[in-house]
Every structure is written in structure tokens, then in C-alpha cells.
Amino acid sequence: MKDLIIIGAGNVGGYISYNIADFQGYRVLGFLDDNIEKQGKMMYGRTVLGPCSSIDNYIGDTPLHVVIGIANPVAKKKIALLLKDKNVFFPNLIARNVWLSAQVQKGKGIIIYPGVSVNYETQLGDFVIINMNCAIGHNCKIASYATLAPGVNLAGFTQIGETAEIGIGVSTRQGVIIGENAVVGGQSMILNDVPPGTRVMGVPAKAG
């Protein structure tokens, strides 16, 4: 059994804690979370051991397995950069009933919830989160730290930029580009490219 630390005692971390049996071979030591009100408490069946800075207490000679269970893309990236020079390993946690084409390229630290399908020649960057029942078309590119809420449907050749956040039930037209750090509101339909750092929503999606 490999020791595993979950960073972030929120909804994503809770999903991992409750479903760790789906990812064979792990023993969860607990959570790390910078929210002082959570520290020392039991959450999602595990103890919040302390702040993220206390991770050195759990790192030994062999790499510590760590999952960043944080949905917010910017916060997720910040934690990943803080840990990049430490003796840690970021496994991909992919639910059992996910369908991944054999041609999908995967980074590290990816979390994929149940009911997701990812078609051929799609690229998933580091620390991507894809929530329940998303359908990712062929030849898509989802850059590092992006988060997709449940029920997102990406048509083929869609590109999602780094640290972008895609809301529940969003759909895209084939080939659109959603820029870095963009936020797409839930139930939106993306027919045109979304510039970096832009917030859009609606059918069709517009800035606002």
C-alpha cells in the first residue's frame, strides 16, 4: 500500500477520500488544508492534519504520493508549483468506468470522475480535473490545471487553456479555443473563441 496525502479538504478531496477503494493500492494518511478552521477536524472520514506547508513531515526517502483535490484552477496551480521540487509523486486517479481511448495523452496528477469518455488523440495536461459524465471529443487539448464541471461536452478539436474553468453542462462547437484563465458559466454554449481571462456565459455564450 502506498501512503497518499490529499491536499484540499473540499468537495474534490471528499470525493477522493470516500472513493479511494476505486484507486487500488493507496492508504490515505489524511488531508492538508490551509483553512485553519478545518485543521485538526475529521472531514470526509479523514483527519485534516495541518496546513499544506506541513507536508515535509510526511515525506521520506521514497516519494510521497500526493493528490491535489482542489477544483479552483489557480489555487491548484499554486500548490503544484510549491511542491514541484519536493520528493512527491502525483498519480492519476481515474474512475473505473471512465472510457479513455488508447490514443489519449495524459499528464500527471489528473482526476477523472465516473461516467467520463475521452476520445482519440486528445491531450490532457497536468492536474486536469474532469468531473462526472463529461464527454470529450477527438483531438481536443485540455491544458494543465483546467477544471471541467459535470456534464461538459467538448466537440472535436476544442482547446481549453491553462487554468481555465468550465461550468456545469457547457457545450462547445467544434474547434473553438477557450483561452488561458477563462471562466465559462454553467449551461453555456460556446460557438466562438473565448479570449484569455474572459468570463462568458449564456446561449450562445457572451462576455458579461
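A disulfide here is a pair of cysteine sulfur atoms within 2.5 Å. By that rule the count is 0 disulfides.

The model is predicted, so local features need pLDDT of at least 70 and side-chain atom pairs count only at pLDDT 80 or more, while totals for chains, interfaces and linings use all residues. Residues are numbered from 1 along each chain as its sequence is written, and side-chain values use heavy atoms, with hydrogens and water left out.

**Stop 1: the cysteines**

Select Cys-134 and Cys-140. Cys-134 is buried, at 1% relative accessible area. Cys-140 is buried too, with a value of 0%. Buried means under 20% relative accessible area, exposed means over 50%, and partly exposed lies in between (1.4 Å probe, protein chains only).

**Stop 2**

UniProt positions follow the numbering used here, feature names are shortened, and annotations may be inferred rather than shown by experiment.

Start with Ile-168, in the loop between β19 (165–166) and β20 (171–172). Strands (E, at least two residues) and helices (H or I, at least four) are DSSP runs, numbered from the N terminus. Ile-168 is partly exposed, at 43% relative accessibility. Show its contacts (heavy atoms within 4.5 Å). Leaving out residues up to four places away in sequence, Ile-168 touches Ala-149, Pro-150, Gly-186 and Gln-187.

Move to Gly-186, in the loop between β22 (183–184) and β23 (189–190). Gly-186 is partly exposed, at 37%.

**Stop 3: the open sheet**

Color β9, β12, β15, β18 and β21. These 5 strands form an open sheet in that order, with parallel pairing. Which strands are at the edges? They are β9 (105–106) and β21 (177–178), each pairing on one side only. Two strands pair if DSSP finds at least two bridges between them.

Zoom in on β12 (residues 123–124) and β15 (residues 141–142), which pair in the parallel sense over 2 bridges. Gln-123 has Lys-141 in β15 as its bridge partner.

**Stop 4: residues 3–80**

Finally, select residues 3–80, which the unreviewed UniProt entry annotates as "domain: PglD N-terminal". Over this range the chain is 21% helix and 31% strand. The end C-alpha atoms are 18 Å apart.
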